[in-house]
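Here's a quick briefing for anyone meeting this structure for the first time. Have a look at the model, then work through the points below.

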Amino acid sequence: MDNGFFRVACGAPSVAVADPASNARYIADLIARAYKAGAEVLVLPEMCVTAYTCADLFHSRVLLDGAVAAIERIACATADAPGMLVWAGAPVETDVGVYNCAVAMCSGRVLAAVPKTYVPNYNEFYEKRWWAPAPSVGMAAPEARLRDISGEVSVAVSASVVISTPSGVKVGAEICEDLWAPVPPSSMAAMAGAEVLVNLSASDDLIGKYSYLRGLVEGQSARTFSAYVYASAGFGESSTDLVFDAKLFVAENGTMLAENTRGIREPQLVVADVDIEAIRRDRMHITTFGECGVRSGARAAYSVIPCGGTAPARPDGRLLRRVNSRPFIPGGDASLLSKRCEEVIGIQVAGLAKRLVATHCRSLVIGISGGLDSTLALLVACRAFDYLGLDRKGITGVTMPGFGTTGRTHRNALTLMKTLGVSSREVSIVPAVMQHFSDIGHDPATHDVTYENSQARERTQILMDLANLLGGMVLGTGDLSELALGWATYNGDHMSMYGVNAGVPKTLVRHLTRYFADTASDDECRAALLDVIDTPVSPELLPPTAEGSIAQETEDLVGPYELHDFFLYYTLRYGFSPDRIFYLAKAAFEGEYPVEVILKWLKVFFRRFFAQQFKRSCLPDGPKVGSVCLSPRGDWRMPSDASAQAWLDRLDELDGQA
């Protein structure tokens, strides 16, 4: 594999009904194309050797003998594509009946014949007229006599088979109807170790069937923590009673990676890189999967057949999949984006509402800076008060101008509090902080960490004491990205009674705020929200420039949040090594960031992520929103004194690549 990625292909060759010799040539052409693309597995449709629509001809000696000869020719074609595992659908005759099989071939040899487990016999299907269902697990498998490059071979016709490819990836197969069963055979194959599941299908076209089928493929890949490669018969099958349009899918863990364009007459091939390392990590991490494997007894029931040889070479180093540079941002069309935003906001609102009810609290205190995080927290608080039927005046927004506050952020803070109908207070922190500097003997002209953190802690003191005064609680505004980097003042903005943004990364905070702006009914509020989005991220703890602009931009100091959110996602969601994250980041941010910039900030990320764990070990409560969370009580438990050296050593080895 290349950096943990495994290249798969699914194809729909030309097909001539009841003409195995012609079909063998068509299949050989597709084998050559897939091999040239560097595929390690090629999946072809059900009965592609003969065509699926041969009907009673399946019991014809001419057709069955032709299928055996065609399989031999196809096996010989795989000798010219060494190391690539090919699955082709064919009728396979035994002394107890004919089976609808997925025949596995590699490097000139026939390795296995996996029969269809569930043979449909309803509606337009009457397959039991021709084919026997697969023997039950544990039963003796009938033998089939086939031929490959070595001559005549005896192959067990068994569904309890997993093929191990030259790069060590295990592949299991099922056929068409098997996927539609309550418990698909591929579920057992996955528990027996198959990481790539293939389906050879001949699914006819019916109104509404395509979207349902697509959902089945995505769902099975998610349920089995696998890559699911599906190839269905297309143009050329008989149209006596049915119509077939090629359907080619590659799904991975619930996500469709690649699919063909429908309605094309010519042979089609879809090639994609699936992330085997991510699949293996999920199977290790999600303990339910391993428990199911043990309880099912699948590993004992299944045999593993090795391909042997060497995996095909990649024609180039490019990754045949899109790596999303903003993994936390909801993808899809506008309607899906809106639904996802509402879902995230709904989780935040529900968490805050429950905390208010549990504490019998009707008052919230929020520090409003005019920045992104406090703006989102205020918007969620308003939603929560509306949800509980509480007066928004119970929300007290506090703007606390300091040495670095600019007119722009101050103006936006005031506008938001006014247009959202909350109570508003303003308390300047300058006199109190100057007194504090005097008390501890700090020179205000020295703009060091003491200068900055004293302001943050003074603001937190004001909020905490106001909450006591008003009989309420302080709503935290810090987000997931800041928690990952430790970009919060310990015992300052680090603390609150509830951190409503704790599960929301910075890139998503910006997106959610834009969603609120797009749906705002008040023009003045919308204008303020849009300006907040356009304002550089800053704690505003250093004096503004001579022109009154923000002088301290966070991303100049710790790096771009879109990079750090990418690093965070792959560190926590998949536990990837830093060198693999670097590989993915290069693909995701190609054309946006030079590789040396990516590597620079990746080193910063790991240094800060390890060094700042002590702040995360004592976080306030806050709702989990997505699959990545840093709560010390839930998702992330890490020693505060763990060393980052091993991670940094891996990155130092990459210096030459940057």
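Seven strands make an open sheet with mixed pairing, in the order E13-E12-E11-E10-E9-E8-E15. Strands pair here if DSSP finds at least two bridges between them, and the elements are DSSP runs numbered from the N terminus: helices are H or I with at least four residues, strands are E with at least two. Keep in mind that this is a predicted model, where local features need pLDDT of at least 70, side-chain atom pairs count only at pLDDT 80 or more, and totals for chains, interfaces and linings use all residues. Residues are numbered from 1 along each chain as its sequence is written, and side-chain values use heavy atoms, leaving out hydrogens and water.

- Strand E9 (residues 170-175) and strand E10 (residues 196-201) run parallel and are joined by five bridges.
- Gly-172 stands opposite Leu-197 in E10.
- Helix H4 (residues 209-223) packs on the sheet and touches strand E11 (227-232), strand E12 (247-252) and E13, with its direction at about 30° to that of E12; contact means heavy atoms within 4.5 Å.

**The six-stranded sheet**

- Another open sheet has six strands in the order E5-E4-E3-E2-E1-E14, again with mixed pairing.
- Its edges are strand E5 (109-115) and strand E14 (268-275); each has a single partner strand, so one side of each is left without a neighbour in the sheet.
- From one strand to the next, the twist averages 35°.
- Strand E4 (residues 97-106) runs antiparallel to E5, and six bridges join the two.
- Val-103 has Ala-113 in E5 as its bridge partner.
- H5 packs on this sheet, touching strand E1 (5-12) and E14, and its direction makes about 50° with that of E14.

**Helix packing**

- H8 and helix H9 (residues 372-388) cross at roughly 65°, and their axes come within 9 Å.
- Where H8 meets H9, the residues include Glu-342, Ile-345 and Gln-348 in H8, and Leu-376, Val-380 and Arg-383 in H9.
- Helix H10 (residues 407-420) and helix H15 (residues 523-534) pack at about 145° with their axes 9 Å apart, and H10 passes H15 in a left-handed crossing.

**The largest pocket**

- The largest pocket has a volume of about 1,500 Å³. On a 1 Å grid over the protein atoms alone, a pocket is an open set of points with protein on both sides within 12 Å along at least five of seven lines; a volume is the space filled by probe spheres (1.4 Å probe) set on the points.
- The lining has 48 residues, and Thr-255, Pro-327, Tyr-569, Arg-573 and Tyr-574 lie nearest the centre; lining residues have an atom within 4 Å of a point.
- Strand E13 (255-259), helix H5 (276-285), helix H8 (334-358) and helix H17 (561-572) are the elements giving two or more residues to that lining.

Notes:
Axes fitted to C-alpha atoms, helices over the stretch in contact; angles between N-to-C directions. Left-handed = near helix turned anticlockwise from the far one by under 90°.
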